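Q: Please take a close look at one part of this model, the loops and the strands. Take me through that part step by step, in short sentences.

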Amino acid sequence: MFTWNSFLQTLFQFVKAMVINVSKQMYRNAAVLTAGCMVVFVATFSSASFGGSGRNALAAYSQVYPGDDGLKPDPGALLIGAGLKEGLNGQEPDAEAFADGALLLETPSLPGQAGLEENKAELAEIPSESARVLIGSVLKQDAKEKLESEQTIRERVGQAQKEIRVQQVRDAAQKAAEEARKKEEEVRKAAFRIPYSQEDYQVMLRIVQAEAGGCDSTGKILVANVIMNRVRSSEFPDNITNVVYEKSQFSPVSDGSIDRVSVSQDTINCVNRALDGEDYSQGALYFMNRQASYSGNVSWFDRTRTFLFTHGGHEFFK
């Protein structure tokens with residue numbers, strides 16, 4: 001026979017299966033409805049079997065004596081009876097309301113979306129005081145959780161907006177600093193640029209290759225910087241070609257190697273960078289390779305020029 005215990009087990013399995021596909025709100029409402037159904041079914045079954053009130057029905061489950069073949073207790077019903085007696089704030093269920101199905105038929109749908117305030121009138125219509133307490137407690141907890149959830153969302157949104165504003169200010173400051181740096185660099189480069197012709201450009205390529213072809217990029221740019229510094233100085237000619245070919249100034253001119261070199265792509269890149277204003281020379285007007293220079297020339301540099309720095313094999317003077 002299909003017992004009430006089997007029916008309740010089937011009902012719980014159905015509700016449990018729904019948990020995977022329902023939200024927390026729907027699960028709570030389903031739990032309230034299930035609890036109400038349990039109360040109705042147990043009260044109805046108790047009244048029909050024993051013909052007494054709710055108190056007698058609950059007591060009957062616990063007063064089965066050994067050897068009484070006429071009445072065998074249902075374990076599920078015993079558990080439900082104990083829960084009703086101890087779990088609903090110590091109050092006894094309204095057996096008459098349960099018996100005529102009033103709780104099941106008259107209890108309104110309480111999904112909880114409208115909040116606790118909108119369900120107060122509906123709770124007042126539920127005939128069983130214990131059922132009202134149970135459902136009211138669930139609705140109150142639901143309203144509290146919704147309020148806490150909304151507050152948490154507001155706090156998170158506020159924090160996110162604050163972080164966005166801080167990041168925007170930081171980005172704006174970085175952008176302004178970068179633009180200022182670029183403008184400053186452009187002004188500095190403009191101060192080091194000089195006018196030159198195509199002939200000047202070709203002479204610059206060959207002298208840099210001849211003097212610093214084996215140096216790194218900075219070494220090549222430094223040689224070009226010295227030549228450009230001389231063009232700007234009143235002590236030397238006012239264009240690249242005349243500066244390079246001035247008598248006794250550059251050894252590749254004296255030995256003719258300036259006309260025999262093959263200009264590399266790296267040298268071209270370095271000369272272009274120097275002509276665009278890239279400068280590391282600190283205003284140097286001279287450079288020499290101490291190991292490859294005549295002793296008289298080395299002595300002249302040491303006696304008459306101001307030493308600035310050394311890069312690679314070259315020493316730079318002013």
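A: Start with a cut-off: a residue counts as exposed when its relative accessible area is over 50%, and as buried when that area is under 20%. Keep in mind that this is a predicted model.

Now the loops. Serine 248 sits in the loop between H11 and H12. Its relative accessibility is 60%, so serine 248 counts as exposed. The backbone here deserves a second look. Most residues other than glycine have a negative phi. Serine 248 has a positive phi, near 60 degrees.

Glutamine 282 lies in another loop, between H13 and S1. Phi of glutamine 282 is positive too, near 55 degrees. With a relative accessible area of 54%, glutamine 282 is exposed.

Serine 257 is a buried loop residue. Its place is between helix H12 (251–255) and H13. Serine 257 has a relative accessible area of 18%, so it is buried. Which residues does serine 257 touch, leaving aside residues up to four places away in sequence? They are Ala210 and Pro252.

S3 pairs with strand S2 (residues 307–311) through four bridges, and the two run antiparallel. S3 is also joined to S1 by three bridges, again antiparallel.

Follow the bridges by residue. Phenylalanine 309 has phenylalanine 316 of S3 as its bridge partner. Glutamate 315 in S3 is the bridge partner of threonine 310. Glutamate 315 is also the bridge partner of methionine 288. S2 and S3 form a hairpin with two residues between the strands. In that hairpin, glycine 312 takes a positive phi near 60 degrees.

Where do the side chains of S3 go? In a regular strand, side chains alternate between the two faces of the sheet. From S3, His314 and Phe316 point one way, while Glu315 and Phe317 point the other way. All four are buried.

Take a closer look at isoleucine 240. Beyond four places in sequence, isoleucine 240 touches Ile194, Tyr196, Asp200, Met204, Ile227, Val231 and Leu275.

S1 has a part in the largest pocket too. This pocket holds about 670 Å³ of space. It is lined by 22 residues, and those closest to its centre are Gln249, Ser251, Phe287, Ser293 and Asn297. H9, H12, S1 and H14 each give two or more residues to the lining.

The chain averages a pLDDT of 75, and 60% of the residues score at least 70. Two stretches call for care. Residues 48–71 stay under 50, with 21 contacts beyond four places in sequence. Residues 75–113 are below 50 as well, and this stretch has 75 contacts beyond near neighbours in sequence. Where pLDDT is low, the predicted coordinates should not be read in detail.

Terms used. Residues numbered from 1 in each chain as written. Predicted model: local features only at pLDDT ≥ 70, side-chain atom pairs only at ≥ 80, totals over all residues. Heavy atoms only, no water. Contact = heavy atoms within 4.5 Å. pLDDT = per-residue confidence, 0-100. Buried < 20%, exposed > 50% of the residue type's maximum accessible area, 1.4 Å probe, protein only. Pairing = 2+ DSSP bridges. 1 Å grid on protein atoms, 1.4 Å probe; cavity = no way out; pocket = protein on both sides within 12 Å on 5 of 7 lines; lining within 4 Å. Points joined across faces, edges and corners; volume = space filled by probe spheres on them.
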